[in-house]
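Hi there,

Here is the structure I promised to pass on to you. Have a look at it first, and then read my notes below.

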Amino acid sequence: MSLIICRPSTFYWRSIRYCPTEGRKRRFVMAEAVWYGTAAMCCGCGDKWDLKFGRFQRPFGRQWRRKAIKKHRELWKQARTKREAWDWIKDQLGSEAVAA
Ligand SMILES: [Zn+2]
């Protein structure tokens, strides 16, 4: 018997959307993982949301916000467009997605 270990790969894409924490439009990095849904990470305040379940719990520890903002901005640099994200997802799902 063989066991297949499936590690989800994540695709990052850029989005400008409203940040509920700051009450204004911000740059967001969207993390798209097939089967795991989408997470939105704010480059302005460091908060992070799951599009289905709402805001992630904020980490403990000092300066988490500063670290999170830095991390999100790094991801923003390597993030792609939404169009590329969808192409990637279709690719991951294979021909099933095309048939649907
Ligand atoms: Zn924010």
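**What I found**

Helix H2, residues 82-93, is 12 residues long and spans 16 Å from first C-alpha to last, close to the 16 Å expected at 1.5 Å a residue (the expected span is 1.5 Å times one less than the number of residues). Helices here are DSSP runs of H or I with at least four residues, strands are runs of E with at least two, and both are numbered from the N terminus. Just after H2 comes Gly 94, with a positive phi of about 75 degrees.

Before going on, two notes on the source. This is a predicted model, in which local features need pLDDT of at least 70 and side-chain atom pairs count only at pLDDT 80 or more, while totals for chains, interfaces and linings use all residues. Residues are numbered from 1 along each chain as its sequence is written.

**The sheet**

The protein has 3 helices and 5 strands, and along the sequence they follow the pattern β-β-β-β-β-α-α-α. The 5 strands make an open sheet, ordered S1-S2-S3-S4-S5, with antiparallel pairing; two strands count as paired if DSSP finds at least two bridges between them. At the edges are S1 and S5 (54-55), each pairing on one side only.

S1 and S2 run antiparallel and are joined by 10 bridges. They form a hairpin with 4 residues between them, and Gly 23 in that turn has a positive phi of about 70 degrees. Thr 10 stands opposite Ala 33 in S2. S2 and S3 also pair in the antiparallel sense, over 6 bridges, and Gly 37 in S3 is the bridge partner of Ala 33.

Helix H1 (residues 64-78) packs on this sheet and touches S1, S2 and S3, its direction making about 70 degrees with that of S2. H2 packs on the sheet as well, touching S1 and S2, at about 140 degrees to the direction of S1. These angles run from 0 to 180 degrees between N-to-C directions, with axes fitted as lines to C-alpha atoms, for helices over the stretch in contact.

**The core**

Buried residues account for 20% of the 100 residues; buried means 20 or more other C-beta atoms within 10 Å of a residue's own, exposed means 12 or fewer, and partly exposed is in between, with C-beta atoms placed from the backbone. The largest nonpolar core has 14 residues, and Phe 28, Val 29, Met 30, Ala 40 and Met 41 have the most contacts inside it. S1 (10-19), S2 (24-33) and S3 (37-42) each supply at least two residues of this core. A nonpolar core here is a set of buried Ala, Val, Leu, Ile, Met, Phe, Trp, Tyr and Cys residues joined through C-beta atoms within 7 Å.

Leaving aside neighbours within four places in sequence, Val 29 is in contact with Tyr 12, Arg 14, Met 41, Cys 43, His 72, Leu 75, Trp 76 and Ala 79. Contact means that the C-beta atoms, placed from the backbone, lie within 7 Å.

**Two residues to look at**

Gln 63 lies in the loop between S5 and H1 and has a positive phi of about 65 degrees although it is not a glycine. Gln 63 is exposed, because 10 other C-beta atoms lie within 10 Å.

Arg 55 sits in strand S5 and is partly exposed, with 13 other C-beta atoms within 10 Å. Beyond its neighbours within four places in sequence, Arg 55 is in contact with Asp 47 and Trp 49.

Best wishes

Definitions and conventions: Two residues are in contact if their C-beta atoms, placed from the backbone, lie within 7 Å.
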